[in-house]
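Colleague: Could you walk me through a few residues in this model?
Modeller: Gladly, here it is.

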Amino acid sequence: MNSAQTHFAIPTYRLRDVAATIEAYDDNFWRNGHAARMLVFDDSSLAAHQKYYSLLEQTRTANELFYVGPREKEEFIGFLNRKLRDKKLESLVRNLFRPSYGGNRNFTLMYTLGHYLISSDDDMRPDALIEDSMESLAANEVCRGKLCRTSENGYVSKSFDLLAAFKDALGKKAGQMPANYERGEMLVDTSMDLETNTTSTFSRENSLMLQPGRLPRESVVKIAQTYRTGTNDIDALDYVEMFLADEEQSDINALNDVYVLVNFRPVVTKKNWRIDCGVSGYDNRLGLPPFFPTRLRFEDYIYRLWIQQPGVAAAHVDAVQRHTKNNYMRNPLAMEVFNEELCSLLKKKIKDSVYHRDDLGIKFRYNGEVTLEDTQEILSKVMAVYSRVLTSAESAADPERKHTLNLFAENLAKVFYGFEPDFFQQNVSRIVDDVISQIHASLELWPTLVEICYYQKDKQPFPQTRVKNKRLKPGLTSTN
């Protein structure tokens, strides 16, 4: 354990745009006197790899940069299957590491096994938007933020020592945390449902409130994260609300608002329903549960359930990052709404049926059944939004805005199967059954794979390519 190092990973499927992220984080680490092994985990196709890999070689970094792409991943999967020696398990291995939000992150866990992992999404940046006249927080309030117009002043960009902030928390016992950390049971977001993290009331301001409760001093911080600005961790329907409220906006994918923090302070909790894997760090020295291997955006929900077992804690560290919301290769907004409604359904079903937690996973009884009541609740919610969008389109004075609203309404109806209840229920049932069966199988196999990789990790490095980019000399940074 004394040989544990810090690895920085960027999971991506947008290889074209990841170079700027690499240089920004490398610069942050170098300016603050840190060295970290940097790895890019690429979900791109082989064709995209061949087209854009040269952009990685054009980067300039002080830290060594490694790449795990389609070829390296295929070689790693082949290694696991050879060790398992069971043809029947090959499809399960491929599912665990399939090109998906969760599958790509499972590679990051295996490649950093035995070490600390810091992970940031490809559209994150190591600076933050902070109000320039910070206000004091209220009692039990650990964070306050608000939406500001991009055309407004009143906030500045600040940079934090990210690695030092994570090192203050990861792997530490709750009783060893720095004195400036608040302590409690969990955080409640004033604008979000606690257990699904879906918006309960859309608001331009929100706070994270610390709920008092027992936090055993011996609990170890296995997961930590920074706070996030720029684009907050909000639902797709929130983007719709923001667009409907701004009559001057004509592009539904372009935001005229940014999320700015008014103030914040670090906190350690027993439970954490606000885990954001886009800006997280992990104590991966002994292994962790797998991310749900799904293309739906709830791969990290397993950690919100897993963290509740005895002896484990989570932290929001004393640092903030910025999300830039890259629209390149992103699903259309209507499809994002569909995905998030399915995610909310699955979160509730899984949460209500969890019966076991251990070091490397959870167990739950939900088998994928979807009732007519489940799908009708979703349809009623989305049809109300659909109606509001059409009403807004009728009153829109700007022809471009009117066209955008009508197009979004049309796409929403298509994605939700024309709002036909039986057809919608049939297709949702099929999708959910697929996802749940894959998750159950993945959780069963994961501990065996962790054991294989733990014994292998010190014998020979897992397949990866050292990127032949330009190394910065001492005294220089990527901005020189």
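**Valine 432 and other residues**

Modeller: Valine 432 is buried, with a relative accessible area of 1%, where buried means under 20%, exposed over 50% and partly exposed in between, using a 1.4 Å probe and protein chains only. Please keep in mind that this is a predicted model, in which local features need pLDDT of at least 70 and side-chain atom pairs count only at pLDDT 80 or more, while totals for chains, interfaces and linings use all residues. Residues are numbered from 1 along each chain as its sequence is written, and side-chain values use heavy atoms, with hydrogens and water left out.

Colleague: Which helix is valine 432 found in?

Modeller: Valine 432 belongs to helix H12, residues 421-456; helices here are DSSP runs of H or I with at least four residues, and strands are E runs of at least two, numbered from the N terminus.

Colleague: And what is valine 432 in contact with, leaving aside its neighbours within four places in sequence?

Modeller: With those neighbours set aside, valine 432 is in contact (heavy atoms within 4.5 Å) with Leu345, Leu346, Tyr366, Gly368 and Val370.

Colleague: Changing topic, is serine 191 buried or exposed?

Modeller: Serine 191 is buried, at a relative accessible area of 11%, and its place is in the loop between strand E11 (186-189) and strand E12 (205-211).

Colleague: What about lysine 83, where is that found?

Modeller: Lysine 83 is in helix H3, residues 70-84, and is partly exposed, with a relative accessible area of 47%.
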